[in-house]
Amino acid sequence: MGNLDGKVAFITGAARGQGRAHAVRLARDGADIIALDICADIDSMDYPNATPADLEETVKLVEDQGRRIVARQADVRDADAVDAVMREGVDRFGRLDIVVANAGIVRLSPDDDADRRQIFRDIVDVNLVGVWNTGEAAIPHLIAGGRGGSIVITSSSAGLKGTGTDRAGGQAYAAAKRGLVGLMQVWANYLGPYSIRVNTIHPTGVASGMTMNEAMAKMFERNDPALSSMQNLLPIEILQPEDIAEAVAWLVSDAGRFITGTTWALDAGFSVR
């Protein structure tokens with residue numbers, strides 16, 4: 001029995017990486033999980049997204065913690081689909097307490113012949129509009145519950161510190177992740193009277209399908225200049241998803257009950273480098 005026993009968490013991008021780590025960690029603390037992931041590739045991106053098998057593995061890992069889970073494939077860009085998953089989960093578990101708006105995409109490699117406009121739109125639509133869709137689906141349930149709650153939005157070190165690039169992917173990523181800070185602050189002010197806390201987390205590079213893939217490997221092979229701006233201050237090359245999940249588990253617990261409206265740099269010193 002953990003400090004989240006009886007609570008329910010809604011997590012997007014839950015099939016692998018940080019999303020899966022959040023699901024498993026919060027389940028370990030006693031929460032039941034509503035999980036969502038697109039489980040399909042996006043043409044303008046240069047790496048594969050998670051698969052249905054990945055989402056099935058998340059289900060198994062949560063159930064191994066002795067907790068229940070509703071896991072569905074849905075695209076955070078589709079507000080109706082997000083709302084349907086949210087309602088199904090709340091109908092089954094009877095409540096909602098925690099939201100981790102984690103789903104996101106990135107493209108760091110050169111645009112080549114790809115449609116720069118499509119790259120920009122897709123990244124903003126997933127990383128910013130998708131978070132708004134998530135909040136739209138979840139906030140009415142949090143308010144109706146009357147128990148308060150916690151929303152954690154996965155931004156990025158790029159949401160605190162933009163670095164120069166001519167690439168549409170990097171420009172869109174920084175713009176969307178910085179936009180999440182403004183959205184977080186608006187929600188924090190709006191929801192504070194309901195005892196619903198809202199914060200952004202800003203990880204540096206984390207080992208996941210977004211970073212450990214062929215496109216990123218090719219960037220290292222050619223010593224891509226974009227990599228020079230991705231160095232941490234601490235001698236830690238990359239964080240693990242579980243590192244971020246540990247921090248989020250503390251933030252959504254009663255230990256973090258007084259923290260709202262903050263930008264939490266989980267970045268090995270990247271933002272002050």
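How are H3 and H4 oriented relative to each other, roughly parallel or roughly antiparallel? In this predicted model, the axes of helix H3 (residues 79-93) and helix H4 (residues 116-145) come within 8 Å and cross at roughly 30 degrees. Angles under 35 degrees count as roughly parallel, and H3 and H4 are therefore roughly parallel to each other. The crossing of H3 with H4 is right-handed. On the H3 side, the contact involves Ala79, Val82, Asp83, Met86, Arg87 and Val90, which meet Asn133, Thr134, Ala137, Ala138 and His141 of H4. By residue class, this contact of H3 with H4 comprises six nonpolar, three polar and two charged residues.

The crossing of H1 and H2 is right-handed. Arg20, Ala23, Val24 and Ala27 of H1 make the contact with Asp54, Glu57, Thr58, Leu61 and Val62 of H2. The residues of the contact between H1 and H2 comprise five nonpolar, one polar and three charged.

Attention then turns to a loop residue. Ser253 lies in the loop between helix H7 (241-252) and strand S7 (263-266). The relative accessibility of Ser253 is 3%, and Ser253 therefore counts as buried, the cut-off being under 20%. A polar atom of the Ser253 side chain lies 2.7 Å from the backbone oxygen of Trp250. When residues up to four places away in sequence are not counted, Ser253 touches Asn3, Leu4 and Arg197.

Key: Residues are numbered from 1 along each chain as its sequence is written. This is a predicted model: local features need pLDDT of at least 70, side-chain atom pairs count only at pLDDT 80 or more; totals for chains, interfaces and linings use all residues. Side-chain values use heavy atoms; hydrogens and water are left out. A crossing is left-handed if the near helix is turned anticlockwise from the far one by less than a right angle, and right-handed if clockwise. Helices (H or I, at least four residues) and strands (E, at least two) are DSSP runs, numbered from the N terminus. Contact means heavy atoms within 4.5 Å. Ala, Val, Leu, Ile, Met, Phe, Trp, Tyr, Cys and Pro count as nonpolar, Asp, Glu, Lys and Arg as charged, and the others, Gly among them, as polar. Buried means under 20% relative accessible area, exposed over 50%, partly exposed in between (1.4 Å probe, protein chains only). A polar contact is a pair of N or O atoms within 3.5 Å; within protein, one must be able to donate a hydrogen and the other to accept it, and residues adjacent in sequence count only if both atoms are side-chain atoms. Axes are lines fitted to C-alpha atoms, for helices over the stretch in contact, and angles run from 0 to 180 degrees between N-to-C directions. Angles under 35 degrees count as roughly parallel, over 145 as roughly antiparallel, 65 to 115 as roughly perpendicular and the rest as oblique.
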